[in-house]
Amino acid sequence: MMSEDMDLLDLNLDDEFNEEELKKESEELLEMRFLTKENATFARTEGGFVSLKFGDKEYKRIGVYLTFPLTNPEEFISIREADEKAKEIGMIENLNNLPKDQQEMIRDQIRLRYFMPVIKKIMEIKEEYGYAYWHVETSFGACRFTTHMSGDVVVSLSDSRLLVKDIDGNRYEIPDFYALGVQEKKKLDLFI
Amino acid sequence: MKLLFTLTGSQLEALALTAGEKLVYCVPADLAYLPGAGANTDRTRNPGAGGLEKTGVSDRYETATFVAVTNQRLVVLAGDKVTYQIALKDCEKVRCEHQVGCGIITVTTLVDSDENIMGEGYDVCVARVSMRQIVRASYAIRGAQAIVRSLKENGDAEKAEQITSSEYETYCEKCGRAMPGTSSCPYCEGKMDVAKKFMSLCGGFVGKLLLISLSMLVISGMNMARPMVQRWFIDDALSTGKGTWADLGIFVGISFAFLIGAILLEVWKNLACIKLGSALSMSLREKLYVKIQILSLSFINKRKPGELMNRVSRDTGRIREFFEEVFGYMFSTLLTMVVSLVVMLTISPLMTGLSLMFVVVVFALMKVFWHHIHTIFHRQWLKSDELSNSIQDIISGMRIVKTFGTEDREAERFSQKARDYAKTQSRNETFWAVFFPILTFLLGCGTYVAVLIGGQNVLVGKMTMGQLVQFMTYSGYLFGPLGWMTHLPRMVMQMVTSLNRIYDVLDEEPKIKDRDGSKEIEIKGHFQFEKVSFGYNTYEPVLEDINFEVEPGEMIGLVGASGTGKSTMINLIMRLYDPDQGRIMLDGVDLRDVKVESLHSQIGVVLQETFLFSGTILDNIRFAKPTATLAEVIQAAKAANAHDFICKTPDGYNTYVGEHGYNLSGGERQRVAIARAILNNPKLLILDEATSALDTESEFLIQQALNRLTSGRTTFAIAHRLSTLREANRLIVIDKHSIAEMGSHNELLEKKGIYYGLVTAQLRMAEGRPEVKNEDGTAEATA
């Protein structure tokens, strides 16, 4: 066994290339790479996605990942490869620094990837046998959904901002609890 | 889960099926998305007769958009307009990609919208679904992908696997209520089905049930009779002045006898109900437990562990409660109330009406305040929940709290919550303390009014004194259980839901069971994988087209990054799951034709997460072979290098381990597990990260033990530390769901492929350390 270990050691000492490769890879993981209007160009694809030309590399389709989706949705946007591994290509420090049309492209991709309707009006919350049946008006139109009755259904992100999670895992946002009408607040009483 | 929705006539027309084309899957896409129509500069298009619409995503729910998959095409229908379609033969791949809170359906194709062939495939987003529909869409798209693959392989869509989903719907199709984790909606289910389940539940207890019902009838009868006797006594003996001491004696005697009789019967009935409830829930619990053990892992893994535990403990508890608190009273109370009402009406409809009026008032009041009462108490419950959660949080995170020195902050946070809870609780109790007496008073008012009018009637002779007293007693019978009655529907519904959740498990057929004619075999250890494919969810393959052969006595090392399917392969070998496609042959017999018990009794397993049962170390080592002698146990422990540390524990082999017992370290647990596997003297050995929790020295010692153990036995071993596998005859490298490389250590190194990369990476890492302990125990610096 000793000898085998030894020849493994010999073997890798011969091979500096691989070490370089590994080092490079781990350094790439650490490096903060920013995509700016100088080094990156985004374009719409035929299929409804966005492609990227970054330095001398071209990506046919990229994934847009928000790093602070709830608090800073337009900052530090991580642009990643579209395959399963989703390796990071770079980050956009602030979306507003990109050219206008490219900002819109990225925003469209964000709208495609992230789904969290905003509740505008609570029409009814009816409770029946351990479930609450909600009827609300959202930014996506009227919607009926169902939640459990447990304490983790409505989560507060801040004093006034709430998230509601339904039984399928959809999340709905109530941006300002205090802006709701008296009746609406009363309906939410069960959860707050 | 339904994967083929019905389309309307106009939608079918728009779909325009050609001859020989048939609809296979059709699922709703509930978020608006309009696929682009070619030229990417034009961001608007005309999706039909309507006006121009912006392509891409819109913030809008869709109710009539469907993704239809036929045996030839994939079509997106918005209303009765086709917004996208593609021939499946032109698709490279169709996918349902999970996004955040939603999913998108994408098609990879070589053909662009003007039917030009592109140089390389590109992705098109065709539809978008919310979490409500994502599971359904995933299954349907998996079906579409099966057709795409089948068309590629043999040009025949008919040979594609038909995808079905065993997952339950989250909403009832009929009534739109949420389904409480059951296959059918407890509200819409026919009364007969519920009755059938209830009957089969009561199966062995029919005699007891009848006896209880009979006693309930007798009790109500006795209760109903007492006021009659009372009335006779007052009217015939007291008011007329003709009564004798004897009459008084008879009255008191009869009343007393009835009362005592009723009480005794009641006590017996309650005891019987409690016994029945406990017996029932116990037998259900046993049945459930046995069933869950029989059911294949696939059933159990699809559910959260807590959920199944709930079914065993909470749902059976609900059934018990029902029998104790509801069943025993339900019929007798209902009967008593109806009879009381009838008798009251015959005595005086007016008085009945008046007293009922107050009941109505009370109910109205209850209804008005119901929401408030419910809210404040639900809130109190939430607060208490939060409080206990935060206690749990802080206690389990105590080390972190202490190391960061944030005790004060945490204490302040906790006391804030505790104050909150106390405030809520005292407010609620105050409210209740005021509200409840008011209700009681109002209900009582009905009686006063009745007495007022009844008294008048008695004075003018329209009614006898006895009748009045009888009326009063009956009204007591009627109003007493009213509060309880309001809870009845909820309690019955809860019972029905629990019943359904229990029967869902009991009625489930285990996927892995012995076939007819499956046999016991003496394992020699020859394995052959033939075109094996498998995925835990049908829409996500974990292993695809695995082929290899293992000779008896060979040791096979399984290597690969985490999540590539190594453990899955082992699950298949142990037959915890059956392959979706292909077969595994053991000594020339299909694994599915081997008796499960016979297979498992000859496999020794050491898993990564070493689970020890509550019990002594001795019990745990003897787990697979309870008849082993003490000498055998010690022999096994010695082989596993566990004997020494066991001797050092205060109670030796009798040391209690498990949840509340002696705390063994990860390495010690692993060694006990290895001893357990060795004791069984298995023909087939499976080591899944068996030595991961050990330090280098004990790993070496165990390695020696394992080497003794593996010689002559077919062994499958998974290890991240590749040095563990140096004794393996062959290594199988799994990457991207299939076998990437196979061969001996040296062969694979020469190949300079994935394995080579893994080995050099690990050596590099080892080199990073200043010093490693060598196998002979001496410390030496590595090169």
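This report walks through chain A and chain B of a predicted model.

## Ground rules

Residues are numbered from 1 along each chain as its sequence is written, while chains are lettered from A and ligands numbered from 1 in the order in which they are written. Because the model is predicted, local features need a pLDDT of at least 70 and side-chain atom pairs count only at pLDDT 80 or more, whereas totals for chains, interfaces and linings use all residues.

## Chain A in outline

Chain A has 192 residues, and 26% of them are buried. A buried residue has 20 or more other C-beta atoms within 10 Å of its own; 12 or fewer makes it exposed, and anything in between is partly exposed, with C-beta atoms placed from the backbone. The chain holds 4 helices and 12 strands. These are DSSP runs, numbered from the N terminus: helices (H or I) have at least four residues, strands (E) at least two.

Take the contacts in chain A with a separation of 6 or more. Residues 24 or more positions apart account for 31% of them. A contact means that two C-beta atoms, placed from the backbone, lie within 7 Å.

## Confidence in chain A

The average pLDDT of chain A is 85, and 90% of its residues score at least 70. pLDDT is the predictor's confidence in each residue, from 0 to 100.

Residues 1–16 of chain A are another matter. Their pLDDT stays under 50, and the model gives them 11 contacts beyond four places in sequence. Where pLDDT is low, the predicted coordinates should not be read in detail.

## Domains of chain B

Chain B is assigned domain 1 (9–159), domain 2 (184–346 + 484–511), domain 3 (349–462), domain 4 (523–602 + 684–697 + 710–770) and domain 5 (608–681). Such bounds come from an automatic or database domain assignment. Over C-alpha atoms, the centres of domain 1 and domain 3 of chain B lie 54 Å apart.

## Strands of chain B

Strand E1 (residues 23–28) of chain B has 5 of its 6 residues buried. E1(B) runs antiparallel to strand E6 (residues 65–70), joined by 5 bridges. Two strands pair if DSSP finds at least two bridges between them. Here Tyr25(B) has Val69(B) as its bridge partner.

Strand E10 (residues 102–111) of chain B is largely enclosed by the rest of the structure, because 7 of its 10 residues are buried. On one side, 7 bridges link E10(B) to the antiparallel strand E9 (residues 91–98). His98(B) is partnered with Gly103(B) there. The hairpin of E9(B) and E10(B) has 3 residues between the strands, and Gly101(B) takes a positive phi near 75°. E10(B) also runs antiparallel to strand E11 (residues 117–130), through 9 bridges. Thr108(B) stands opposite Asp123(B) in E11(B).
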